[in-house]
Amino acid sequence: NPNFFEAHTNMGVVFMTIGNFNKAIFHLKKALKLNPNFEYAQSYLEKIESLKRQKQSQSTIISPNMMAQ
């Protein structure tokens, strides 16, 4: 059922777990559109933003110029 917000949340969690943040965000936002008060989906969206920031900061720690040395 495409309108089952819990299924979208579960899909979002699965995609987050395997590192596909774009698909995770899509499903979590869909869940929140269907049920704006579903805190579980909102908390996972916040977790993804945190993971994305961590991943981005880790990739900037070692710049390509440092690798060439």
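1. Helices α1 and α2 run roughly antiparallel to each other (angles over 145 degrees count as such). The angle between α1 (residues 5-17) and α2 (residues 21-34) is about 160°, and their axes lie 7 Å apart. The crossing of α1 and α2 is left-handed.

2. This is a predicted model, and its local features need pLDDT of at least 70. Residues are numbered from 1 along each chain. The chain has a mean pLDDT (the predictor's confidence in each residue, from 0 to 100) of 87, with 86% of its residues at 70 or more. Confidence is highest in α2, at 96, and lowest in helix α4 (residues 64-67), at a mean of 52.

3. Which residues in α1 meet α2? They are Phe5, His8, Thr9, Met11, Gly12, Phe15 and Met16. Their partners in α2 include Phe21, Ala24, His27, Leu28 and Leu34. Contact means heavy atoms within 4.5 Å. By class, the contact of α1 with α2 has 9 nonpolar, 4 polar and 2 charged residues.

4. The whole structure holds 3 aromatic pairs (ring centres within 6.5 Å). One of them joins Tyr40 and Tyr44, with 5.0 Å centre to centre. Their planes are 75° apart, making the pair edge-to-face (over 60 degrees). Tyr40 and Tyr44 sit 4 residues apart in helix α3 (residues 39-61), so about one helical turn separates them.

Notes: This is a predicted model: local features need pLDDT of at least 70, side-chain atom pairs count only at pLDDT 80 or more; totals for chains, interfaces and linings use all residues. Side-chain values use heavy atoms; hydrogens and water are left out. Axes are lines fitted to C-alpha atoms, for helices over the stretch in contact, and angles run from 0 to 180 degrees between N-to-C directions. Helices (H or I, at least four residues) and strands (E, at least two) are DSSP runs, numbered from the N terminus. Angles under 35 degrees count as roughly parallel, over 145 as roughly antiparallel, 65 to 115 as roughly perpendicular and the rest as oblique. A crossing is left-handed if the near helix is turned anticlockwise from the far one by less than a right angle, and right-handed if clockwise. Ala, Val, Leu, Ile, Met, Phe, Trp, Tyr, Cys and Pro count as nonpolar, Asp, Glu, Lys and Arg as charged, and the others, Gly among them, as polar. Rings of Phe, Tyr and Trp (its six-membered ring) pair if their centres lie within 6.5 Å; planes under 30 degrees apart count as stacked, over 60 as edge-to-face and the rest as tilted.
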